[in-house]
Amino acid sequence: MPQGAARIEQLVSHVRVRLTRDIARLRVGGRELADLRQGSQVTLPIWAMEKLWKLGLAEPVGGVIDLSKMTQILWRERRSPAELVELPENFYYNVIYALSSLRQKDPESHKTLLQAYRDIVSLRMAKLLAFALRGLDPSLIRNMVEEERELYLWVKGAVDSWIESIGLGVR
């Protein structure tokens, strides 16, 4: 899938949010919601959640990805060399958003969070490559999120094609 198409698909995907303040009326995608209370959860398109998040009205269910959560995920990922660990809902999207909001506010925290993110991505990519080299069907890989599934299918296709081109393909 082209990169722009993946971003569009991500923006129209839905995510559960927890309201951080009361909202009397909210109109989203032709749907009107009324009398929403702080703490209640609503499923919204990611683009709508972005708007509410920027206004301080909502946050993703599961909370914002911070350095503490990233450190825990990184620790678990390192301790599990043969399989992917479970990620919080909308992990990649939430980290991107957390990084963008930290960039100006707290450059040092941004740098630390970015390094942990890079380490997690590197570990998970190495595992995905190992799975592709073994020819695993994606349905057998636990805890692979949609963004990784896209990458995995592309890498597996390239590996399979290359193996075929050097005469090692199954015949």
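**View 1. Lys156 in the predicted model is a buried residue.** The relative accessible area of Lys156 is 17%, and buried means under 20%, so Lys156 counts as buried. The residue belongs to helix H6. Leaving aside residues up to four places away in sequence, Lys156 touches Ala132, Gly135 and Leu136.

**View 2. Helix H6 runs from residue 146 to residue 165.** With 20 residues at 1.5 Å a residue, H6 should span 28 Å. The C-alpha atoms at its ends lie 29 Å apart, which agrees with that expectation. Just after the helix comes Gly167, with a positive phi of about 85°.

**View 3. The buried residues of H6 are Glu148, Tyr152, Val155, Lys156 and Val159.** Seen down the helix axis, these residues fall within an arc of 105°, so they line one face of H6. Trp154 and Ser165 are exposed on the other side of the helix. The cover over the buried residues of H6 includes two helices, H4 (91-105) and H5 (107-134).

**View 4. The second largest pocket is lined in part by helices H4 and H5.** This pocket has a volume of about 200 Å³. Its lining consists of Trp53, Val64, Ile65, Asp66, Leu67, Ala98, Ser101, Leu102, Lys105, Ser109 and Leu113. H4 and H5 are the elements that give two or more residues to this lining. The largest share comes from H4, with 4 residues. H4 and H5 are also among the elements that cover the buried residues of H6.

**View 5. Strands E2 and E3 form a hairpin.** E2 covers residues 23-28 and E3 covers residues 31-36. The two strands pair in the antiparallel sense, over 5 bridges. Across this pairing, Arg27 stands opposite Glu32 in E3. Between the strands there are 2 residues. Gly29, in the turn, has a positive phi of about 55°.

Methods: Residues numbered from 1 in each chain as written. Predicted model: local features only at pLDDT ≥ 70, side-chain atom pairs only at ≥ 80, totals over all residues. Heavy atoms only, no water. Expected span 1.5 Å × (residues − 1). Buried < 20%, exposed > 50% of the residue type's maximum accessible area, 1.4 Å probe, protein only. Arc of directions from axis to C-beta. Contact = heavy atoms within 4.5 Å. Pairing = 2+ DSSP bridges. 1 Å grid on protein atoms, 1.4 Å probe; cavity = no way out; pocket = protein on both sides within 12 Å on 5 of 7 lines; lining within 4 Å. Points joined across faces, edges and corners; volume = space filled by probe spheres on them.
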